[in-house]
Structures are given as C-alpha cells and as structure tokens.
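Here is a short briefing for a first look. Keep the sequence and the 3D view side by side as you read.

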Amino acid sequence: MRVLFIGDIVGKPGREAIKRFLKPLQTEHNIDVIIANGENAAAGKGLTKEIAQELYNYGIQFLTMGNHVWDHRDIMNFIDGESRLVRPANYPVGAPGQGYGFIRTMGKKIGVLNLSGRVFLPSLDDPFSGAIRWINQIKQETPIIIVDFHAEATSEKVALGWFLDGKVSAVIGTHTHIQTADARLLHQGTAYITDVGMTGPKDSVLGVKKEIIINRFLTQLPAKFELASGPIQLNAVVIDIDDETGKAQRIEAIQLFSEA
C-alpha cells in the first residue's frame with residue numbers, strides 16, 4: 001500500500017496547491033491513500049465544513065488537525081459526525097470529535113491517530129502513554145497505523161518516533177511548517193519524519209506575509225497576520241507499507257512548487 005501524507009494546508013493558497021498538484025502527484029506515484037493535515041485550511045486557522053468538503057472533492061480522503069482545531073467555531077457543528085476527520089486524541093475526555101479513525105480502501109483498513117505535543121504547546125494529556133492505549137485499540141482492527149504528531153519541539157517528535165518504532169507504520173511530524181531532511185525508516189519498521197512541511201504560500205514565514213513577521217521581530221509589537229500570496233508549494237511524504245504486517249518499507253519526501 002502506498003500512502004501520501006500532505007503537510008499542513010494553509011488557507012486558500014494551500015487549497016490551490018492541493019487543487020493544482022494532487023491529481024498529477026497521485027498518478028505519478030500510484031498513490032492508494034491520501035491523508036492531509038487541515039488545521040490551517042480556513043484562512044490559516046481552523047477548518048470549516050465547506051472547506052473540508054472542498055478538500056475531499058480534490059481527492060483527500062482523511063484530515064488530521066492540531067492546536068488550531070477549535071479556532072473556527074464551525075467545526076463544533078460537524079466534527080462529531082465526520083468520520084474522515086480527527087483531532088488530537090490527547091485532548092481531555094469530553095472534547096468533541098475523535099482522536100483516531102479509519103480509512104477503508106482496496107479491501108484494507110488504515111488507522112489514523114492524531115496526537116499533540118506538550119512542549120511549547122497547550123499541556124494536554126500525555127501523548128506517549130496515551131498513544132499505546134489508542135494504538136492497542138486500533139490494532140484490533142488493522143496493523144496499518146499512521147500517526148500525525150502535531151508538535152513544536154524536535155526532541156519530543158524524535159522521542160515519540162523511537163518510542164513507537166515497530167508499533168505503528170509511520171510517525172509523521174506536523175505543525176512547524178518546514179520540511180525536515182530526516183525522512184527515514186527506523187530500526188523496527190516505522191517510517192519517520194520530524195516535520196512533513198507546509199502546503200501553502202512559498203515566499204512567506206510559515207504561510208504569513210514575511211514583512212509582517214519581520215516587522216514583529218524588529219518591533220516586538222502585535223500585528224494581524226495575513227496570508228502571503230504568490231508562488232505556492234506542496235510538501236508531503238510518500239510511504240510504502242506492507243499490507244499484512246503494517247511495517248513501512250520506504251518513505252520519500254516530496255516538495256512541489258509553482259513558478260508564480
């Protein structure tokens with residue numbers, strides 16, 4: 001099985017990148033399953049039902065979220081009934097939505113688990129001990145498990161990757177919007193990358209107009225964030241997984257850019 005995991009989709013430029021690049025990418029790499037992080041898809045923060053449907057229409061089969069999951073209140077109206085969308089599983093009991101879900105394709109079932117880090121982010125429940133509990137539940141239905149670890153600190157991401165090596169098919173880092181150069185297979189068959197990167201404005205600071213962020217660093221004054229325009233990019237990884245064992249066989253980082 002070949003899985004495509006797409007890095008954080010940022011606003012309209014990110015959705016335009018999905019529209020432009022996804023179908024050719026799917027054909028070129030013979031992709032079976034398409035997963036994407038959508039927590040920034042609505043104007044850079046959060047997700048609406050309309051935008052989720054737009055992404056499904058482009059071919060994305062499953063969406064994960066992160067610390068901006070609640071930034072657009074519309075999500076409260078549909079997250080409980082949307083089986084193709086997960087938010088971090090380590091939110092406290094009682095939070096809307098679900099922390100893991102399943103994709104069914106080619107007669108197989110793929111489990112997707114979403115976790116949030118706790119270093120430099122809101123202190124949720126422990127993603128390490130919680131992961132084992134949720135993974136054991138998912139394994140009752142499938143050995144193929146993709147983990148989106150939405151976290152800030154590289155040390156926390158690397159540690160979870162090693163902790164889950166051999167227990168899941170892949171640990172994919174999201175949140176920091178810069179694709180890291182460490183895509184690899186860990187010793188016991190788990191594909192890993194610290195951050196898959198961002199899908200959105202290329203000439204920006206994590207998707208935001210660079211002038212705004214530079215001025216904020218220079219002055220330390222608050223500023224309203226605006227998404228950048230111009231060239232767009234798509235960051236992703238392609239992962240080959242053994243259908244029977246759930247072990248990863250290969251991971252490849254992808255970067256696509258428009259010229260204007």
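This is a predicted model: local features need pLDDT of at least 70, side-chain atom pairs count only at pLDDT 80 or more; totals for chains, interfaces and linings use all residues.

An unreviewed UniProt entry annotates Asp8, Glu39, Asn40 and His177 as "binding site". These residues span 170 residues in sequence, yet no two of their C-alpha atoms are more than 11.8 Å apart, so they gather at one spot.

**The annotated site**

- Glu39, Asn40 and His177 are included in the lining of the largest pocket.
- Asn40 sits in the loop that runs between strand S3 (33–37) and helix H2 (49–58).
- Asn40 has a relative accessible area of 3%, so this residue is buried.
- Beyond its neighbours within four places in sequence, Asn40 contacts Asp8, Ile9, Val10, Gly11, Lys45, Gly46, His68 and His177.
- His177 belongs to another stretch, the loop between strand S9 (170–174) and strand S10 (184–185).
- His177 counts as buried too, because its relative accessibility is 10%, and the cut-off for buried is under 20%.
- Not counting residues up to four places away in sequence, His177 touches Asp8, Val10, Asn40, Asp195, Gly197, Met198 and Leu206.
- The side chains of His177 and Asp8 make a polar contact of 3.4 Å.

**Helix H4**

- Helix H4 covers residues 154–164, and its buried residues are Glu156, Lys157, Leu160, Gly161 and Leu164.
- Seen down the helix axis, these buried residues fall within an arc of 135°, so they line one face of H4.
- An α-helix has 3.6 residues a turn, so residues three or four places apart point the same way.
- Thr154 and Ser155, on the other side of H4, are exposed.
- What do the buried residues of H4 pack against? Their partners are strand S7 (108–116), helix H3 (127–138), strand S8 (145–150), S9 and strand S11 (191–193).
- Gly166 follows H4, and its phi is positive, near 85°.

**The six-stranded sheet**

- Six strands make an open sheet with mixed pairing, in the order S6-S7-S8-S9-S11-S10.
- Strand S6 (100–105) and S10 are the edge strands, each pairing on one side only.
- S9 and S11 run parallel where they pair, over three bridges.
- Ile172 is opposite Ile193 in S11.

- Gln233 lies in strand S13 (residues 232–241).
- With a relative accessible area of 8%, Gln233 is buried.
- The side chains of Gln233 and Asn235 are joined by a polar contact of 3.3 Å.
- Leaving out residues up to four places away in sequence, Gln233 touches Ala17, Phe21, Met198, Thr199, Gly200, Lys202, Leu256 and Phe257.
- Met198 is also among the residues that His177 touches.
- Pro88 is in the loop between strand S5 (85–86) and S6.
- Is Pro88 buried or exposed? Pro88 counts as buried, because its relative accessibility is 0%.
- Pro88 and Val69 are 19 residues apart along the chain, and their C-alpha atoms are separated by 8.6 Å.
- Apart from neighbours within four places in sequence, Pro88 contacts Met65, Gly66, Gly99, Asn114, Leu115 and Ser116.

How values were computed: Residues are numbered from 1 along each chain as its sequence is written. Side-chain values use heavy atoms; hydrogens and water are left out. UniProt positions are given in the numbering used here, feature names are shortened, and annotations may be inferred rather than shown by experiment. On a 1 Å grid over the protein atoms alone, a cavity is a set of points where a 1.4 Å probe fits but cannot get out, and a pocket is an open set with protein on both sides within 12 Å along at least five of seven lines; lining residues have an atom within 4 Å of a point. Helices (H or I, at least four residues) and strands (E, at least two) are DSSP runs, numbered from the N terminus. Buried means under 20% relative accessible area, exposed over 50%, partly exposed in between (1.4 Å probe, protein chains only). Contact means heavy atoms within 4.5 Å. A polar contact is a pair of N or O atoms within 3.5 Å; within protein, one must be able to donate a hydrogen and the other to accept it, and residues adjacent in sequence count only if both atoms are side-chain atoms. The arc is that of the directions from the helix axis to the C-beta atoms. Two strands pair if DSSP finds at least two bridges between them.
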